[in-house]
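Here is a quick walk through one protein model, for anyone opening it for the first time. Have the sequence and the 3D view ready, and let's start with a pair of helices.

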Amino acid sequence: MTIVEDARLGGIDLGPYAEFDASTWTAYPLLFRLLDDAAVAGVLWDRFLSGSQRAVIADGLRVGLEQARSGTALLAGLRELGKLVPGFQRREYGGWVRLEEGLVADAGGVAHAPVQVDRSSMHVTRGVLEGFGFGGGGGNGSAAVRGAQCVGGMGGRFLQFDVMGAGEARRVAVAAGGVAWQELRSRYAALVRYLTRAGAAPQTITVPAALLITGVGTLAGRLSGQRQYWAGEAHMPAFGAAEHFASARARAVELLEQTALERVELEPVPFSIAHRPADEPNALQASLMEHLPGLVAERGAGITVITDGTGSGKSVAGLEAARINSQRCGASGVVWLMPTTATADAAWQMLDRYVRAHQPERAPVTLVHSATWLNAAYSGSPAVTGAAPTSAGSAGPGGDGNTVLPSGDGPGGGLDSRRGGRAVTAPQGFLAGHDVALLAQFAAATVDQAQMAALPVQWSALRLLALSGKTVVVDEAHALTPFSQLQLLRLLDWLGALRTPVVLLSATMPASTSSALVTAYLSGAARAAGRRPPAVTQEEDFAPSYPGWLFADAETGTAHRMQPAARARHVLAGSRPVRIAMRGVINQPLGSVDRVVGEGERLAAVAGAISQVIHDGGCAAVSCATVAVAQDTYRYLQRTWPGRREELVLLHARFPGFVREERTGFLRRVLGPAGVRPGRLVVVTTSLLDTSLDVDVDVMVSDLASMARLLQRAGRLARFHLAWKSAGHRRPSWWRQDHVPQLTVLQPLGQSGATAVPREWGTAEPGFVLHATAALLEARGSDLYLDLPGGVQELVEQVHGDHSAFSEQTTALRRLLAGHLQRTTAHEHLSAVHLIPPAARISSLADLHRQYLTAADAVTRLGTLPRRLLPCYFTLGGQLALDRAGRQPLPDQTHLQPGHILRILAHTVPVPTAWVARRSLQHRPPASWQQDPLLADLVLLPAAAGDPGHAERFGRHVLRMDDELGLVHHQTR
């Protein structure tokens, strides 16, 4: 029979099944599933892929765009061809008895052999592709083998194609049934090719193209495999292949509209509308908006680096760069990457507000990190705490611990149905799933989510597909450890190979770091194009002048910088003074709350530095080195606090999640640019306010930290000074026009009077960097006056630069530096162990998954695989509850509702695994939770509801949940 006859009703056997419902004996024909996958892939090409992604695939296949579309649909359509083998069809008796006698008779002795569908599809597809004329030869890089690996990889992992072993044609024929099975597979594949019009037979498939094709096929399978998509068609089989394919294409269009995967173009709006409350661009933003469009239009995608002081508008510049990339080089949307969940939440609010300002009909903005369920504004589920939403004025930190973020129409506020309201950007249905949320056209995420695309985890091709179609903005690009930065470098290599526009934002990035990040991107782009990567002759080659911007195009690697005159204007317009004063202190725990604190102690220095705020009003922040130090500081200030309880706020990472979320939101509101500023407020915290939280304080105190971190904290001092000059006076009464805000740095001293970093501070920052920072401030007389942002880069380079002369001035610093470099090398080695190879070093696609690593096991930064501790309380009836009042009983049932799970997780606290390693029976969660992956590993911290001082022992670690202080930890000897 001819291919045309096969495409008609009754023209080909529809007996083999793809899905079988044993309860109703309903089978869905395998041919229809193949055509569904191909149809959805074609519509994804038309409506989901960006122009840059299509170009990468077309160039990688060396065919035109139309044939590249057809080839992608063909490979996606062959994704489940491996089900047309006796071993799979025999799995369901009801499906097996429907097969034609010829197939049953030709099954041979392999009908009961176990079948791995992905591997089976890969093996049978290779021969099919060679028959179509795809480049053969049997090597890993041949088009037929690579195309077959794409098909096998659509199941989540790329498999090794053993050309001379299990993948050898004769062995495949034995395992896949006799001549009748082989002939029917060939006819099925030929139908898919005919209906997708995939006439061209590529002779090569590059690795970047293969990755994107695999991602498209994976997504197509996810969408068409949903039961609600195919179940109705299973009851209406009275169609031939051609009719079904026509229907499948129409249904695929509807499917993409329902899932909101279809890309949209944001309508142009004035700058003041898109970036409210800014009225017009500053000099840096204006320079970028004037010159970047021409560079991108002429040279294509590239990497942009924007460095500027904190609070100076880098986010606006990043959004404008993403807009230009969308208009000029085929990108579509933006993914905003942040170092922490708290900063990702803030970025999501900013991105959501930006998208809604353009008033699209529908444009979901997703939030992707490990604790999105804590963000009530995003999930639309304030029920996680068991409390009703409060009004904007009452959600203060001094309540009963059950308050939540307010609803409303502000950024991330409640849902409404108006055009441009939150409902327009709220992800629903498919995109609400955590594992696919990164596919949204607009997304905010932690950088870990993107880094996993450079690790051998399942669905890594889908992650690269999600990232590569958009502009990838890496905010706070400096704030990564050597372990994590190596992963970012590898990710940038891949993004360069995929021609993905990238924007790096930072307020304190050394020139060497900027140069390394840009070089990684350009190297990936150059090698993918068969060119020699750029050679960096000096570290400033790809570093923008600070403040300023740099653009390096992927095509030539040429650097283009902000014009000096525009940079000078920007520095002059945004200059604001800050003092950094270092004071030597003796670090000693408070111990008993009534202990007399000596004059030279750290606690006394904290109280002295903020005394003006305590007595005369204003807003201050005290940044502490650890949670325990923050708790001690809060207790000490509490005993002499003259004001209301809610005017002194403690914020750190070891509060239950919903408490931390509520307090962070409260501070964003009252200390933000438009907040109702309190008459007096002191925030005692750790590092949660350091990066990308748009808050302003009048006074700041900090334990000794790295120079980069101190400068980030100084950026929160009088952050809105320039904006508020024209908006009225919002400072305390003691603030004068010529007042210079001060950051007081507390230098821990040892018995010799030299810097002595307490052992209890741990390894949050390298000891060398802390000592180098202290030495630099001492060299400046312990009292440093600087203009922000102009004086930032020099200080950053002196401590964090690769070739800092200052870092080698003393023997002690040289010794510390040697240890620091040794640890850095060790961490980089650990990081490199799991990294996937660069795109240019891939021979077989299986190289991407040589190691078996799950997303749960993937490490994107050292020391961040904590356990979750769940504080709970025995009520008078002996039952456990989530709160002391017993209003929220601990859910204990076999089938927990999503609301129950969210409520439980919202009460958990992350702790180091070592703290709870020696747990007892009373610390185990209910047996009914063992089937839920989110709850099975929780550790209970039970206590009597009426005993606030109760502590639980886990070996040497003693833990207690304090209603005011959060989790209190002690370690016995």
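## Two helices side by side

Start with helix H16 (residues 283–299) and helix H17 (residues 314–328): their axes come within 10 Å and cross at roughly 20°. Keep in mind as you look around that this is a predicted model. Angles under 35 degrees count as roughly parallel, and H16 and H17 are therefore roughly parallel to each other. As for its hand, the crossing of H16 and H17 is right-handed.

## A second pair, pointing the other way

Now find helix H4 (residues 65–77) and helix H11 (residues 179–196), which pack with their axes 9 Å apart and at an angle of about 150°. That angle makes H4 roughly antiparallel to H11, since the cut-off for that label is over 145. Here, too, there is a hand to note: H4 passes H11 in a right-handed crossing.

## The eight-stranded sheet

Next up is an open sheet of 8 strands with mixed pairing, and its order reads S5-S6-S4-S7-S8-S3-S9-S10. Strand S5 (365–368) and strand S10 (559–561) are the edge strands, each pairing on one side only. Going from one strand to the next, the twist averages 15°.

Which way do S3 and S9 run relative to each other, parallel or antiparallel? Strand S3 (residues 302–307) and strand S9 (residues 548–553) run antiparallel, joined by 6 bridges. Look for threonine 304, which stands opposite phenylalanine 551 in S9.

Strand S4 (residues 334–338) pairs with S6 in the parallel sense over 5 bridges, and methionine 338 stands opposite threonine 446 in S6. S5 and S6 also run parallel, this time with 4 bridges joining them. There, threonine 366 has alanine 443 in S6 as its bridge partner.

## A covered helix

Just after H24 comes glycine 530, which takes a positive phi of about 80°.

Last stop: strand S13 (residues 648–651) and strand S14 (residues 680–685). They run parallel and are joined by 4 bridges, and valine 649 has valine 683 in S14 as its bridge partner. To get from S13 to S14, the chain passes through helix H29 (residues 657–671), and this β-α-β crossover is right-handed.

Where do the side chains of S13 point? Leu648 and Leu650 point one way, Val649 and Leu651 point the other way, and all are buried.

Technical notes: Residues are numbered from 1 along each chain as its sequence is written. This is a predicted model: local features need pLDDT of at least 70, side-chain atom pairs count only at pLDDT 80 or more; totals for chains, interfaces and linings use all residues. Side-chain values use heavy atoms; hydrogens and water are left out. Buried means under 20% relative accessible area, exposed over 50%, partly exposed in between (1.4 Å probe, protein chains only). Two strands pair if DSSP finds at least two bridges between them. A crossover is right-handed if, with the strands pointing away from the viewer, the path from the first strand over the helix to the second runs clockwise. Axes are lines fitted to C-alpha atoms, for helices over the stretch in contact, and angles run from 0 to 180 degrees between N-to-C directions. Angles under 35 degrees count as roughly parallel, over 145 as roughly antiparallel, 65 to 115 as roughly perpendicular and the rest as oblique. A crossing is left-handed if the near helix is turned anticlockwise from the far one by less than a right angle, and right-handed if clockwise.
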